[in-house]
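Here is a colleague's note to read with the model open beside you. Take the points one at a time and find each residue on screen as you go.

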Amino acid sequence: MFGKKPEYASCEIEMAARIGRKGPMTVADFMEMAGSSYYASQSPFGRAGDFITAPEVSQIFGEMLALWIVDIWLQIGQPKKVQLIELGPGNGTLMEDMMRTIETWPACRGAVSVHLVETSPRLRRQQEGLLRKYKPKWYSKLEDVPDGFSFIVANEFFDALPVHQFIRKGGRWQERYVGFDPRKNEFIWMLGESAFDIRTVIPKKFMDSKEGSIFESSPVSLSVMEEIGRRVKKNNGAALIIDYGHTTPGLGDTLQAVSKQRYASVLEKPGLQDITAHVDFETLKSIVENTVEIHGPTTQGKFLEKIGIMQRAETLYKNATGQQKRDIDAAHHRLTAPTEMGNLFKAMALTRKGQELHVAGF
Ligand code: SAH
């Protein structure tokens with residue numbers, strides 16, 4: 001009775017029960033259930049959490065993004081009403097850093113309202129604590145945010161969205177599922193027929209891939225992207241997507257689980273660790289390239305250098321102590337070095353077609 005409580009997330013039991021009732025679930029359903037339980041119950045971010053995102057590395061990241069936004073706002077003729085929409089704002093750190101910077105342009109600050117697309121009630125509360133003075137509004141999905149001139153920012157949002165996995169086995173493509181073995185009390189990988197028409201999911205060039213090849217597809221990401229494209233076209237403004245991923249669609253299993261800043265087994269503790277997949281930028285781009293102007297994708301390192309992270313670091317240097325200078329250098333390195341976040345993370349922007357804009361960073 002007084003023994004140590006087993007560490008399990010309630011979703012683990014729920015997921016096993018659902019598999020018992022309905023049979024194995026797709027990798028996407030597994031990611032979705034584990035993810036919403038994770039973001040609802042855990043404190044994922046920062047040094048004490050499971051992973052460190054760019055805004056948690058340094059305030060410079062959000063400051064640079066704000067400068068990028070203000071630059072476009074100025075070029076588009078300083079519209080009087082601007083919605084700043086963030087998808088998956090996490091702790092709220094990025095929005096706070098952006099808004100603090102935007103405040104140094106009173107005309108822009110006066111135009112901006114803050115809109116947060118967040119599904120986790122727990123993170124909403126955290127965001128409220130940090131961002132109250134900006135009177136943010138919350139939404140469960142982008143579709144619910146009113147139309148209107150907007151900047152849309154998504155940092156490490158798409159990587160959390162569910163992917164389906166397909167495996168080439170026995171000379172044909174099958175879908176990967178997650179089952180549950182009640183004797184061993186563990187989740188297991190399984191294969192089965194897919195409810196998707198394989199010919200519409202697997203790109204032609206991969207159709208006859210070798211045995212064991214894995215292909216990932218995220219229909220949810222594509223529909224979010226479509227909505228972003230629709231908004232940029234209709235309402236004007238810009239969208240900036242930063243995430244870790246690849247610029248050419250490839251084969252391979254990119255699902256990963258992270259707990260306390262270490263890789264963990266994807267199936268082991270659903271709801272207690274962060275599960276993500278690489279973002280396929282090329283496919284995201286292909287969904288909207290007829291609708292809007294696309295800039296990039298480029299690497300996060302190049303993007304930040306081109307929009308002046310070096311100059312920003314030098315400005316901060318002027319009033320910094322020795323330790324602060326070392327912190328600035330460390331943050332700069334972490335955000336831009338190819339061996340750190342610089343290469344793996346990519347940045348891509350969307351603006352309305354047919355405008356004479358210089359979109360910085362690309
Ligand atoms: N952008 C933040 C946090 C990234 S983590 C940062 O850079 O630090 C992913 C965020 O997306 C979390 O806030 C999570 O709750 C949210 N999220 C995940 N899936 C979502 C969905 N389908 N709709 C809205 N928000 C979602």
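Predicted model: local features only at pLDDT ≥ 70, side-chain atom pairs only at ≥ 80, totals over all residues.

1. Let us begin with strand 5, which covers residues 150-155. Six of its six residues are buried, so strand 5 is largely enclosed by the rest of the structure.

2. Which strands pair with strand 5? One partner is strand 2 (residues 82-87), joined to strand 5 in the parallel sense over five bridges. You can pick out this pairing by finding Ile-85, whose bridge partner in strand 5 is Ile-152. Another partner is strand 10 (residues 237-246), also in the parallel sense, over six bridges.

3. Rolling a probe the size of a water molecule over the atoms shows where empty space is left. In this model, the largest pocket holds about 900 Å³ of space. Its lining is made up of 44 residues, and Gly-88, Thr-119, Phe-157, Ala-160 and Leu-161 are the closest to its centre.

4. Where does the lining of the largest pocket come from? At least two residues each are supplied by several elements, including strand 2, helix 5, helix 7 (121-131) and helix 9 (219-235). Helix 2 (27-41) belongs to that group too, and with six residues helix 2 gives the most to the lining. Sorted by class, the lining has 20 nonpolar, 14 polar and 10 charged residues.

5. The second largest pocket has a volume of about 510 Å³. It is lined by 19 residues, of which Phe-51, Ile-52, Gln-256, Tyr-263 and Phe-345 lie closest to the centre. Strand 11 (256-259), strand 12 (262-264) and strand 13 each supply at least two of the lining residues. Strand 13 (274-276) also supplies at least two residues to the lining of the largest pocket. By class, the lining of the second largest pocket has eight nonpolar, four polar and seven charged residues.

6. Now zoom in on Glu-96, which sits in helix 5 (residues 93-102). Is Glu-96 buried, exposed or partly exposed? Its relative accessible area is 24%, so Glu-96 counts as partly exposed, because buried means under 20% and exposed means over 50%. Apart from neighbours within four places in sequence, Glu-96 is in contact with Leu-130, Leu-131 and Tyr-134. Please also find Glu-63: it is 33 residues away from Glu-96 along the chain, yet their C-alpha atoms are separated by 9.4 Å.

7. Finish with Ser-194, found in the loop between strand 8 (186-192) and helix 8 (198-201). With a relative accessible area of 17%, Ser-194 is buried, because that label applies under 20%. What does the side chain of Ser-194 make a polar contact with? The partner is the side chain of Glu-175, at 2.7 Å. A polar atom of the Ser-194 side chain also lies 3.0 Å from the backbone nitrogen of Phe-196. Leaving out neighbours within four places in sequence, Ser-194 is in contact with Phe-166, Glu-175 and Tyr-177.

Note on methods: Residues numbered from 1 in each chain as written. Heavy atoms only, no water. Helix = DSSP H or I, 4+ residues; strand = E, 2+ residues; numbered from the N terminus. Buried < 20%, exposed > 50% of the residue type's maximum accessible area, 1.4 Å probe, protein only. Contact = heavy atoms within 4.5 Å. Pairing = 2+ DSSP bridges. 1 Å grid on protein atoms, 1.4 Å probe; cavity = no way out; pocket = protein on both sides within 12 Å on 5 of 7 lines; lining within 4 Å. Points joined across faces, edges and corners; volume = space filled by probe spheres on them. Nonpolar A, V, L, I, M, F, W, Y, C, P; charged D, E, K, R; others polar. Polar contact = N/O pair within 3.5 Å; in protein donor to acceptor, adjacent residues only side chain to side chain.
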